Amino acid sequence: MLDEKSLKEARSLLEGSRRVRALTGAGVSAESGVPTFRGHDGLWKKFRPEELATPEAFARDPKLVWEWYDWRRGLIAKTRPNPGHRALVELEKSVRDFWLITQNVDGLHQLAGSERILPLHGNIWELRCLGCGKSGEDRRAPLPELPPECGECGAMLRPGVVWFGEGLPQETLSKSIEVSGDAELFLAIGTAGAVEPAASMARIAREAGAQVIEINPEESSLSSVADVVLRGKSGEVLPRLLG
Ligand code: OAD
């Protein structure tokens, strides 16, 4: 149950803040029907990340890794942004200085209309060539052949996502650290806070003096960093926070 007193407190923090940042995770897309990673139904309960989401796994068996990404692309292709995604677009329009830092690769924030967005873990719709380095979006799901090949040089393409053991896109990471460090208000939404450096953005903001609000139906690793905790689904809590 959402605690009304906390909601009121969160609303007043939001009203008084000019520099607002949101960090989102898989929970924001859960109400759209995209599986999360760590819940009881989470992907990492059924699959082993080291077999599917590492450069070593891809080098060992690119077809297997691609089959998994192609399956996820197919699932995501059937989904639509939910009221949580849409509320974040509204927030972007109403706050003068807003940034959305996301760990999600599903593209639903972008589809909803978010523009000031920093996708820390890449984009599942982007394909990147291992030969010539060319990259581009391809929204076909399923893809006609696996693993897909580059139309320019014929080398293998990989999904444009960040795998375990890889660095994050440098510019996106630097900008995320910068905007977290000058936040007045930081919203941690739908993330377990289990993956670094993404989870640290909330701590960077907190240490720099920002107020932190968590929106999550369950306790997370970021709950202890939060000044206000809103226990509920983002698709329900975010519209009420703004409303
Ligand atoms: P997780 O699956 O680890 O966590 C999802 C969080 O969302 C949990 O804390 C849930 O309680 C919460 N949640 C579930 N339903 C929700 C709802 N309707 N509204 C709000 N919250 C809800 O997902 P992430 O924290 O995003 O990385 O995981 C981070 C990274 O780990 C992912 O980007 C991915 C994964 O391995 C890579 O693939 C590199």
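A crossing of two helices is termed right-handed if the near helix is turned clockwise from the far one by less than a right angle, and left-handed if it is turned anticlockwise. In the predicted model described here, the crossing of H1 and H11 is right-handed. Helix H1 spans residues 4–15, and its axis lies 9 Å from that of H11, at an angle of about 55 degrees. H1 is therefore oblique to H11.

Helix H11, formed by residues 234–242, also packs with helix H7, residues 83–94; the two axes come within 7 Å and cross at roughly 30 degrees. Because angles under 35 degrees count as roughly parallel, H7 is assigned as roughly parallel to H11. The crossing of H7 and H11 is left-handed, whereas that of H1 and H11 is right-handed.

On the backbone, an N or O atom of Gly-27 is placed 3.4 Å from a ligand nitrogen, and one of Gln-103 is placed 3.2 Å from a ligand oxygen. From a side chain, an N or O atom of His-121 lies 2.8 Å from an oxygen atom of the ligand. The ligand taken alone exposes 800 Å², and 90% of that area is buried by the protein.

How values were computed
Residues are numbered from 1 along each chain as its sequence is written. This is a predicted model: local features need pLDDT of at least 70, side-chain atom pairs count only at pLDDT 80 or more; totals for chains, interfaces and linings use all residues. Side-chain values use heavy atoms; hydrogens and water are left out. A polar contact is a pair of N or O atoms within 3.5 Å; within protein, one must be able to donate a hydrogen and the other to accept it, and residues adjacent in sequence count only if both atoms are side-chain atoms. Accessible areas come from the Shrake-Rupley method with a 1.4 Å probe; for residues, only the protein chains shown count as cover. Axes are lines fitted to C-alpha atoms, for helices over the stretch in contact, and angles run from 0 to 180 degrees between N-to-C directions. Helices (H or I, at least four residues) and strands (E, at least two) are DSSP runs, numbered from the N terminus. Angles under 35 degrees count as roughly parallel, over 145 as roughly antiparallel, 65 to 115 as roughly perpendicular and the rest as oblique.
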